Amino acid sequence: MSIHQVSCPERILFLDEEMAALDRLEGGFRSERVLWCALEAGHEGLHHVIAQCVRGSETAAPWVMWARWPDTGEYGPERELLRLESCPEKFLAGNVSEESCCLPEGHAGRHGFEFGPPIREADVMPDWLLRRFFG
Ligand SMILES: [Zn+2]
Ligand SMILES: [Zn+2]
């Protein structure tokens, strides 16, 4: 398994009410105050990052809450917490080392598994997030 890159350098700093909303999600994990955009560097459109992962139950599949925000007017109306479908693309689909894209469906830029090697610490998906996906 390769390391998923977080190449866009833009960060989101969650507001208190956003943190509270994320922490209220049943089956969620401890949310992080600051996260890096998960899309490829230089992408178009809104920045996106997974804000919270929610464990599945016997009756419900696990799902992820995304945060997205614009380059300008970071706290404007385009800033949202919302559920998005995952990008269906897989690297080596059907293979034991199959790797998911881990980005939302219809995302800008290349698929998550196509990014280059990490260039600095901030490009590496943090451990707590890796554990959610692959733990
Ligand atoms: Zn971005
Ligand atoms: Zn993708």
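Which element of the protein chain has the lowest mean pLDDT, and which the highest? Helix α2, residues 127-134, has the lowest, at 68. Strand β5 has the highest, at 96. The legends below describe a predicted model.

View 1. Along the sequence, the elements follow the pattern β-α-β-β-β-β-β-β-α. The protein chain has 135 residues, and buried residues make up 24% of them. Take the contacts between residues at least 6 apart in sequence: 47% of these join residues at least 24 apart.

View 2. The protein chain averages a pLDDT of 85. A score of at least 70 is reached by 81% of the residues. Over residues 1-6 the pLDDT is below 50. This stretch still has 18 contacts in the model beyond near neighbours in sequence. Where pLDDT is low, the predicted coordinates should not be read in detail.

**View 3. Three strands form an open sheet in the order β3-β4-β5.** The pairing is antiparallel. Strands β3 (47-54) and β5 (80-83) stand at the edges. Each has a single partner strand, so one side of each is left without a neighbour in the sheet. Neighbouring strands of this sheet are turned by 30° against each other on average, direction ignored. Strands of a sheet pair through backbone hydrogen bonds.

**View 4. Strands β3 and β4 run antiparallel, joined by 7 bridges.** One pair to look for is Gln52 and Met65. Gln52 stands opposite Met65, which belongs to β4.

**View 5. On to the pairing of β4 with β5, which is antiparallel over 4 bridges.** Strand β4 covers residues 63-69. Two facing pairs can be picked out here. Trp66 has Leu82 in β5 as its bridge partner. Arg68 stands opposite Glu80, also in β5. In a regular strand the side chains alternate between the two faces of the sheet.

**View 6. Asp16 lies in helix α1, which spans residues 16-24.** Is Asp16 buried or exposed? Asp16 is exposed, because it has 8 other C-beta atoms within 10 Å, and a residue with 12 or fewer counts as exposed. How far apart are Asp16 and Arg33 in space, C-alpha to C-alpha? The distance is 8.9 Å, while in sequence Asp16 and Arg33 are 17 residues apart.

Conventions:
Residues are numbered from 1 along each chain as its sequence is written. Chains are lettered from A and ligands numbered from 1 in the order in which they are written. This is a predicted model: local features need pLDDT of at least 70, side-chain atom pairs count only at pLDDT 80 or more; totals for chains, interfaces and linings use all residues. Two strands pair if DSSP finds at least two bridges between them. Helices (H or I, at least four residues) and strands (E, at least two) are DSSP runs, numbered from the N terminus. Axes are lines fitted to C-alpha atoms, for helices over the stretch in contact, and angles run from 0 to 180 degrees between N-to-C directions. A residue is buried if 20 or more other C-beta atoms lie within 10 Å of its own, exposed if 12 or fewer, and partly exposed in between; C-beta atoms are placed from the backbone. Two residues are in contact if their C-beta atoms, placed from the backbone, lie within 7 Å. pLDDT is the predictor's confidence in each residue, from 0 to 100.
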